[in-house]
Amino acid sequence: MAESQALRWIQLLLKCTIFLFMTAAAVSSRLFSVIRFESIIHEFDPWFNFRATKYLVNNGFYKFLNWFDDRTWYPLGRVTGGTLYPGLMATSAAVWHGLHKIGLPVDIRNVCVLFAPAFSGVTAWATYHLTCEIKDSGAGLLAAAFIAIAPGYISRSVAGSYDNEAIAITLLMVTFMFWIKAMKTGSIMHSTFAALFYFYMVSAWGGYVFITNLIPLHVFILILMGRYSTRLYSAYTTWYAIGTLASMQIPFVGFLPIRSNDHMAALGVFGLIQIVALGSFLKAQVSWQKFKTVMVVSLIFLLLAGVCGLFALTYFGYIAPWTGRFYSLWDTNYAKIHIPIIASVSEHQPTAWPAFFFDTQFLIWLFPAGVFLLFLDLKDEHIFIIAYSVLCSYFAGVMVRLMLTLTPIICVCAAVTISKLFDIYADFSFWSDKSLEPSDSSNKTKIMTLVTKLTVCGSFLGYLYLFVYHCTWVTSNAYSSPSVVLPSRNQDGSMALIDDFREAYYWLRMNSAEDAKVASWWDYGYQIGGMADRTTLVDNNTWNNTHIAIVGKAMSSPQEKAYEILRQHDVDYVLVIFGGLIGFSGDDINKFLWMVRISEGIWPDEIKEREYFTPSGEYRMDALASQTMKDSLMYKLSYYRFASLFNGIEGMDRVRGQKIRDEDVGNLDYFEEAFTSENWMVRLYKLKDLDPVGRELHSAGEFERKSARSQKKRIVKRPSLDLRV
Amino acid sequence: MKLTQLTSLLVFLYLSLTSALSNGLLAKEVAKNKGTITLTNSNYERILGGQREAYMVVLLTSTNPSIGCSLCMELEPEFATISDSWYKDHPSGLSADGEHALFFAKADFEPKTNNEVFMNFKVNNVPRVLFLSPDQDIGTFNQINLPSEGGITRMAAIVHTLKDAIGISDFEIYQPINWGSVSITAMATFLVALLVRQYKPIAIKMLTSKTVWGLGTVAIIVLWNAGYMFNSIRGSQFAGMTQDGSAVVYFLEGQQQNQFGVETQIISVIYGILASSTVALIAFVPYAKKFYSHDKAGRPSPSKASLIELALTVSFLVALYVVYSALTAVFGLKSSGYPFKLFRFPSI
């Protein structure tokens, strides 16, 4: 008795130690970016989240919920409080307040930067408990270790990547863990917890719809397989009732759960389970023959009524049809034709196979093995894992960003496989088996078995070892760049940082009027708002396609027309990103076609994509470029004065590998260059004021150029100033 | 007097033969060819030249397999679909408002019969889709861009361009129904239904068998994880050619975001072997050991069982190792600078 007690303590101690190390590994592998660069918020969306968090900390929760932001989407503004998922900001604000309460005055920026790594530890813990329910604690520990370092999850949770997904994956796993527990035991407490964490998830990420559909799907499959039980009934009805009511408290979600097609599956299964419950009650009361007819007739009737009702309600507009983003998951051509703005985002591209291997290495082939092994047992909870695997494999194939939701389940299934393997081959108890009398032949048997087990364990330990190296390599090489600061190398190979973005944003912050309006392509809206604190026309929220198209139209029009459009919107500065000098390929010229396409969608008579190509259909910037291209504002702003860096006649664009002639770029009469960053990556132009004499700006420019040419250049001789000591 | 009349008649006849055809005659030409006019050395000047009232879309292509133009092959059915769709709605070639006429023509390169067409347009490489406005002479024309993504995307883009350029709105694409596949599906369904009826107990056993469902699910997962959706969305090329066209390329080297169709097949086979070897280690090896733990007479034979276990395990492990090293090697091709290799080939 005492021995087993001691054993349990040792187990607990071991588990705690393992968890401690796992969390340390999870956190430290996410810190590459902080160590290499600095504690800085990454990318684009996190800048908005960071700005919102600062607002929340400074103004309190109620003001935050009612926040109307007049500094974006000028002149429309954005009802920010009602159109964001507040879970992330609320959590980090709570952490910040908590730290202050216990006397740790940490900066809110550091809370935000280190938020994702900290939550990855919680994800590992939740994955452990989920996998414990699927198999046992051995598999659980493996799964937790996998999720802690799998690059597929790290890609969205490195330090500084302060995005909704950072907390959402944690909540996803916690919700699923409680759901499995609830559905196994029928415990109302567990399903209430599942509902509460579902609510938390709804408040944090739009991807909550995945849970909304996956849990009903699980229940539906169980019912189809004839595995209905009262445990399932109490778990599902509790979860649905509490979860739905709670989720409707989020302003951005509101009445969607009863009015949108994305949520109808959950409602339908809720209805179905009531009928099934009634049916199973009746089955106990009447004879089997009678019951069969009643069941068949009523099932057909209900199914028809339900489907017809859904169609009718959608048709008459009581229920919103599928939202474009979700619809494009099923009909993969839909977005390309109807919503170019969704298709334009690089995260929404389909996934090629190397991405799967890159993000999960050898787990990707253990994953199908694990799914198959689960099929051999096929308990109720295994069906959940299988449904999750199939759905997410599809989603991850359609959209790169959904790799993120697939990674946890890959880790769970792979852990099940490895742990089953080790259950068999890491069991060395046969060595001390006394049942066989010692003899030559039994010794030979023992040695052969030992060799078998050792080779299996050895080779799989080797693969695990390689996996750790792979994960570290991927994390450090691919996922640890803040993309605000870019790493590069000097001539001698030492590390250099390209910090043009912050340089330009800081210039804007210090040198422009506080209410200056900046027009740029939407990608940089959040960064301008966050770092430069200036009003923007469009940003990454992309809620108003027309407004984005206006900016696109200005960029693709000739300068006098663009000037007019921008004037109408009170714009003071235009910002373009130009990578031609240092070879930064993610610049505005490469995104330019999307601007043309999006504005063509609104003004098909004025903007025509075809005109931006050369007659032979190429996308060129050099002398062969089409006249429309050379006239466009984007071309002029990007290449203005570019040739002066070279010989004054033509400059070499390193991204496109083409020579840009100065005569093609021409003069800027309506804009003046305000600032160009060190490596020319960010170029800022100010709109010229109207001419004081009332001339057209173009003719004023012509006049000045003519008079400058006729005048002799006045040579100013500088007075020689010596230092007077 | 008579002489002048005769001359004028002759001149008129000559003109009508050489100069362009009117819309009606073009429509007849189209009807004869069921949608697309085929251009030859003898007829192209008559059809495209002179005073035309119609817009013309001309496809210059070469589907001859010896030339090996894969884009031409891809474009062939797409162009046919577009011109057939137009012909279906507008047999006379006129748009609904009767203002604009549009006809499709095509020349598939053959040195003897239509080389002059290609020379006339100074085409050096195929395929080219040309667009001729009514006011334009045979020498001046525009080119229509061909997006690299095939299938419905490209067709939609071409139709969109045409709609814009001509100023018409009634141009719908009708995808032809593939009757072959429909009939095959119908036959297969019928056969399956028949078999199910005939062998009901077996069918029920199959339908409720965990292994069948498991294998099916796992196959789908493996396929999706090997980038199947990428191919079906992007319509990627099946395999590529080297620059000089001497050898077939199976992998797009150094491109992590892109792949050929054949890569999915190779990778899914690799994943399949790896996963099944692992499952075999877990499920099959213990089963085999148990099976051989007693010989035929029922006496225990532990040493034989252990030997078989050892042999099976080692062979599965070797298979795993070999295939996994192949996978890392292939991934090394795709991701330049990937430092890990399971097996280093001796330098050749």
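In this predicted model, the centres of domain 1 and domain 2 of chain B, taken over C-alpha atoms, are separated by 48 Å. Domain 1 of chain B covers residues 15-166, and domain 2 of chain B covers residues 209-334. The contact between these two domains takes 5 residues from domain 1 of chain B and 4 residues from domain 2 of chain B. On the side of domain 1 of chain B that touches domain 2 of chain B, the residues divide into no nonpolar, 4 polar and 1 charged.

Chain B also meets chain A, in a contact that takes 55 residues from chain B and 57 residues from chain A. On the side of chain B that touches chain A, two or more residues are given by each of α6 (152-166), α9 (210-225), α10 (228-234), α11 (261-291) and α12 (302-334) of chain B. The largest share of that side, 12 residues, comes from α12(B). By kind, the residues of the side of chain B that touches chain A are 31 nonpolar, 18 polar and 6 charged.

Turning to chain A, one finds an open sheet of 5 strands with mixed pairing, whose order is β4-β3-β5-β9-β8. Because β4 (535-536) and β8 (671-676) of chain A stand at the edges and each has a single partner strand, one side of each is left without a neighbour in the sheet.

Strand β9 (residues 682-687) of chain A pairs with β8(A) in the antiparallel sense over 5 bridges, and β9(A) is also joined by 5 bridges to strand β5 (residues 573-577) of chain A, again antiparallel. Residue by residue, A:F675 stands opposite A:L684 in β9(A), A:F671 has A:L687 of β9(A) as its bridge partner, and A:V574 stands opposite A:Y685 in β9(A). The strands β8(A) and β9(A) form a hairpin with 5 residues between them, and in its turn A:W680 has a positive phi of about 65°. Since 5 of the 6 residues of β9(A) are buried, this strand is largely enclosed by the rest of the structure.

A helix belongs to this picture as well: α25 (residues 500-511) of chain A lies across β3 (517-519), β8 and β9 of chain A, and runs at about 25° to β9(A).

Finally, an unreviewed UniProt entry carries the annotation "domain: STT3/PglB/AglB core" for residues 517-567 of chain A. Over residues 517-567, chain A is 57% helix and 10% strand, and the end C-alpha atoms are 11 Å apart.

Notes:
Residues numbered from 1 in each chain as written. Chains lettered and ligands numbered in written order. Predicted model: local features only at pLDDT ≥ 70, side-chain atom pairs only at ≥ 80, totals over all residues. UniProt positions renumbered as here; feature names shortened; annotations may be inferred. Helix = DSSP H or I, 4+ residues; strand = E, 2+ residues; numbered from the N terminus. Pairing = 2+ DSSP bridges. Contact = placed C-beta atoms within 7 Å. Axes fitted to C-alpha atoms, helices over the stretch in contact; angles between N-to-C directions. Nonpolar A, V, L, I, M, F, W, Y, C, P; charged D, E, K, R; others polar. Domains from an automatic or database assignment. Buried ≥ 20, exposed ≤ 12 C-beta atoms within 10 Å, placed from the backbone.
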